[in-house]
There are 2 protein chains.
Amino acid sequence: MNAPGTGGPVEAAFNALGDPMRRRIMELLGEGERPAGAVAEIVGTAFGISQPAVSQHLKALREAGLVTVRAEGTRRIYGVDADGLAAVRAWLDRFADGFAGPLDALETELARGRRERRLAERPARERRRRAA
Amino acid sequence: MNAPGTGGPVEAAFNALGDPMRRRIMELLGEGERPAGAVAEIVGTAFGISQPAVSQHLKALREAGLVTVRAEGTRRIYGVDADGLAAVRAWLDRFADGFAGPLDALETELARGRRERRLAERPARERRRRAA
DNA sequence: TCCTAATATAAGTTGCAACTTATATTAGGA
DNA sequence: TCCTAATATAAGTTGCAACTTATATTAGGA
């Protein structure tokens with residue numbers, strides 16, 4: 001158990017996603033990159049908050065590693081950052097059904113396939129040596 | 001885009017997981033079921049909050065569908081609820097790399113395998129009819 | 001060089017969520 | 001029936017996060 005609030009990237013990501021408005025912004029950016037102005041107009045109009053409010057949410061998402069920014073003239077183009085979302089997924093993995101150790105269900109499946117191929121190609125003596 | 005705060009199960013789950021203390025409780029319960037008293041003692045002692053505070057957090061997690069409770073005499077045994085976590089995962093899926101439509105990467109891979117097997121077993125005429 | 005557009009930041013307000021202490025509820029055991 | 005253990009709920013406080021309006025910053029165009 002980690003200390004609360006002692007943010008690693010997972011902590012920051014979950015703290016940021018704890019706000020409904022920021023989740024709406026993420027969902028919008030999930031449809032594709034957008035300049036801050038477009039986000040402010042769409043989200044702001046839909047839910048009745050101001051441009052500065054949206055800008056502040058974008059800052060929070062940025063600092064949480066959930067979105068990326070890129071300057072284009074005077075515009076700032078925002079998009080989802082896969083890394084931040086991956087951190088969230090990684091946290092969820094500890095609860096995955098039958099989770100044990102560093103491998104989740106998919107990785108286990110992939111590893112099974114690789115192992116089968118490996119065993120089919122190698123002599124038994126070498127296999128025994130590595131297992132010891 | 002949904003309205004903010006108009007909670008479906010995903011909204012409730014993310015709102016609940018937005019609090020660091022509740023994430024610590026989830027992590028503890030991830031190690032195995034525990035009575036409320038044990039949660040209060042471990043988390044409470046570790047982070048300096050009272051029994052009622054922990055009880056309130058457990059209530060929030062319960063109402064968010066993230067934990068299950070079962071009575072055992074005067075004790076309440078808490079454990080993680082896979083359904084709530086699945087809702088969170090499902091939300092994240094919309095950002096999955098190369099996501100398109102209802103199939104995520106793994107499902108696409110599984111579907112590919114099934115399709116190949118199906119195509120290998122069926123006559124070409126029947127296949128054409130279904131496709132139209 | 002000035003103006004405008006796009007965005008971020010400063011500063012202030014305010015509702016609420018996360019806590020507190022006190023107490024109610026519930027089940028079992030002597 | 002009473003006592004205790006385990007937990008939840010009631011009621012009150014308080015810090016802060018999510019907003020607001022006002023303004024600073026930055027880049028480009030006339």
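User: Which order do the 3 strands of the open sheet in chain B take?
Analyst: The order is S1-S3-S2, with antiparallel pairing. Strands here are DSSP runs (E, at least two residues), helices are H or I runs of at least four, and both are numbered from the N terminus. Two strands pair if DSSP finds at least two bridges between them.

User: Before we go on, what kind of model is this?
Analyst: A predicted one: local features need pLDDT of at least 70, side-chain atom pairs count only at pLDDT 80 or more, and totals for chains, interfaces and linings use all residues. Residues are numbered from 1 along each chain as its sequence is written, while chains are lettered from A and ligands numbered from 1 in the order in which they are written.

User: Back to that sheet in chain B. Which strands stand at the edges?
Analyst: In the S1-S3-S2 sheet of chain B, the edges are S1 (34–35) and S2 (67–72). Each has a single partner strand, so one side of each is left without a neighbour in the sheet.

User: How many bridges join S2(B) to S3(B)?
Analyst: There are 6, and S2(B) runs antiparallel to S3 (residues 75–80) of chain B. B:Thr68 has B:Gly79 as its bridge partner, and B:Val67 stands opposite B:Val80.

User: What about the hairpin of S2(B) and S3(B)?
Analyst: It has 2 residues between the strands, and B:Gly73 takes a positive phi near 65°.

User: OK, helices. At what angle do H2 and H4 of chain B pack?
Analyst: H2 (residues 20–30) and H4 (residues 51–63) of chain B pack at about 80°, with their axes 10 Å apart. That makes H2(B) roughly perpendicular to H4(B). Axes are lines fitted to C-alpha atoms, for helices over the stretch in contact, and angles run from 0 to 180 degrees between N-to-C directions. Under 35 degrees counts as roughly parallel, over 145 as roughly antiparallel, 65 to 115 as roughly perpendicular and the rest as oblique.

User: Which residues of H2(B) and H4(B) meet?
Analyst: From H2(B), B:Met21, B:Arg22 and B:Ile25; from H4(B), B:His57, B:Leu58, B:Ala60 and B:Leu61. Contact is C-beta atoms, placed from the backbone, within 7 Å. By class, that contact of H2(B) with H4(B) has 5 nonpolar, 1 polar and 1 charged. Ala, Val, Leu, Ile, Met, Phe, Trp, Tyr, Cys and Pro count as nonpolar, Asp, Glu, Lys and Arg as charged, and the others, Gly among them, as polar.

User: And in chain A, how do H2 and H3 pack?
Analyst: H2 (residues 20–30) and H3 (residues 36–47) of chain A pack at about 130°, axes 11 Å apart. That makes H2(A) oblique to H3(A). A:Met21, A:Arg24, A:Ile25 and A:Leu28 meet A:Val39, A:Ile42, A:Val43 and A:Phe47. The residues of this contact of H2(A) with H3(A) are 7 nonpolar, no polar and 1 charged.

User: How many residues does each chain put into the contact of chain B with chain A?
Analyst: 28 from chain B and 28 from chain A. On the side of chain B that touches chain A, H2(B) gives the largest share, 7 residues. That side of chain B has 16 nonpolar, 4 polar and 8 charged residues.

User: What's the average pLDDT for chain A?
Analyst: It's 79, and 68% of the residues in chain A score at least 70. Over residues 101–132 of chain A the pLDDT is below 50. pLDDT is the predictor's confidence in each residue, from 0 to 100. Where it is low, the predicted coordinates should not be read in detail.

Terms used:
Two residues are in contact if their C-beta atoms, placed from the backbone, lie within 7 Å.
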